[in-house]
Amino acid sequence: MESISVFEIIKVGIGPSSSHTMGPWNAAAAFIRIIKRERSIAEVKEVFLEFFGSLAKTGIGHGTDIAGMLGLSGEDFKTINTSKIDEKIEKIKKDQIINLGGEKEIPFVYGYHLVLNMQKSLDFHPNGMIFKAVFEDGTELVQDFYSVGGGFIASQEKNSIEKQCVRTLYPCHKAADIAKYCQKLGFNKISDLILINEESWRSQDETRKEALYIWSQIKECIYKGVNKEGILPGGLNVSRRAAGINRKLLGEEIYKNKDEWFQQVVDAEENFTNINKWIACFALAVNEENASFGRIITAPTNGASGVIPAVLMYAQAFTPFTSEDDIVRFLLVAGEIGTLFKKNATISAAMGGCQAEIGVSSAMAAAGLTEILGGSVGQVLMAAEIAMEHHLGLTCDPIKGLVQIPCIERNTMGAMKAITAANIALESDPTKAKVTLDEVIQTMWETAQSMSDRFKETSEGGLAIAVNVPEC
């Protein structure tokens, strides 16, 4: 089994969905690379893109079509000016021209060259898409892609696209592997083991640098979210709430930048109610940014991107464990727990419902928090198990296919459950646990396979149809 870096699970992304936005964007970029490898952009006459299954059914709400067009245009979601996205898409639609790979302008008619096929699903995975390039000589290049969660993509022939298979020094494909190697090496901290394994991709100094960069992006995202008001795009007329909560909690305090704001959060009155509201505020801030095509930290998905930031921000603001070392250890452990779900179950709501997104992120955050609060190896794994156990069966039924209702509030719940799970684990004896993390991951996967497709990000069941929202 292939090893996965923690920074493939926790990474810079763009809203509103990792599987429905980032995955198609990555697929479009991969298709451009394939064209360049097989022929050249200059030889392309036309390009076609067809989305199927869940990608098609909730494509407009998730910006799947937008991601496909920007990816084909050679844009990078890690660097694109997110405020210019609407302008770029409007130009493509109005001019009926796309600048393929940023190198050649070719005809592109929305609805003809890009199609959302809601009547058909591809067999390999619910999130399927097919790209086709037609060259000037009449020959064609066709490639299928599947967005398998967290921005990861695959083809039917290859389970991962253009990735080098990596094997770590101490392969941890199960929670039991983590426990085994920690005992063998005499490690009391899981993060010590993960730091060694990450050397398969980069040096320990580079790993620490990447983790601290992720933290800086988390702070930036939350700061943006708590300072924006208004209505989220998409037609549901959902109001941003993080800014209002932030304003009420800080009162008349004035700040000029994110560092001054953060210090005011740290200095604010601490009681159970206020801390509870701050945690909700942090999560809401991130997911409101996500819902409006903002840059966020995918962890492990966009729909669940507020949980880990909220819990890590809670730890930095309201616990004594605030060092850079604590940040690094939190993210390493959280990311490693995410890899276990990725390898043994799924992190795609289209495959497993929201248990695969909020449930996984809550388990990740619970483990990371327990790690820095002084938990043993067993307690860290127990915290992840507790958090997931109480998300089992959670459906994905977004209203109008938008990552807004119930997704935004659901991140606050995932964060709260993570903190509760950590606190329970810290007061428990893991040797007396009746359910292991590996067992709950297997149970989650079995639950996912039994779940109706109506509750797997298709907007065909649950709240998506229970709440009658007129089209705008």
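A nonpolar core is a set of buried Ala, Val, Leu, Ile, Met, Phe, Trp, Tyr and Cys residues joined through side-chain atoms within 4.5 Å, where buried stands for under 20% relative accessible area, calculated with a 1.4 Å probe on protein chains only. The model is predicted, with local features requiring pLDDT of at least 70 and side-chain atom pairs counted only at pLDDT 80 or more, while totals for chains, interfaces and linings use all residues. Residues are numbered from 1 along each chain as its sequence is written, and side-chain values rest on heavy atoms, without hydrogens and water.

The largest nonpolar core holds 114 residues, and those with the most contacts inside it are I10, W261, W278, I337, F341 and L437. Its largest share, 11 residues, is supplied by helix 12, residues 272-291 (helices are DSSP runs of H or I with at least four residues, numbered from the N terminus). Apart from this core lies another, of 40 residues, including A56, I92, I106 and F135. Once neighbours within four places in sequence are set aside, I337 is in contact (heavy atoms within 4.5 Å) with A363, M364, A367, L381, A384 and L437.

Helix 14 spans residues 324-344, and because 19 of its 21 residues are buried, this helix is largely enclosed by the rest of the structure.

A loop between helix 19 (437-450) and helix 20 (463-466) contains T458, which is buried at a relative accessible area of 9%. Leaving aside neighbours within four places in sequence, T458 is in contact with S54, K57, T58 and D453; the backbone oxygen of D453 lies 3.0 Å from a polar atom of the T458 side chain.

Note on methods: Buried means under 20% relative accessible area, exposed over 50%, partly exposed in between (1.4 Å probe, protein chains only). Helices (H or I, at least four residues) and strands (E, at least two) are DSSP runs, numbered from the N terminus. The expected span of a helix is 1.5 Å times one less than its number of residues. A polar contact is a pair of N or O atoms within 3.5 Å; within protein, one must be able to donate a hydrogen and the other to accept it, and residues adjacent in sequence count only if both atoms are side-chain atoms.
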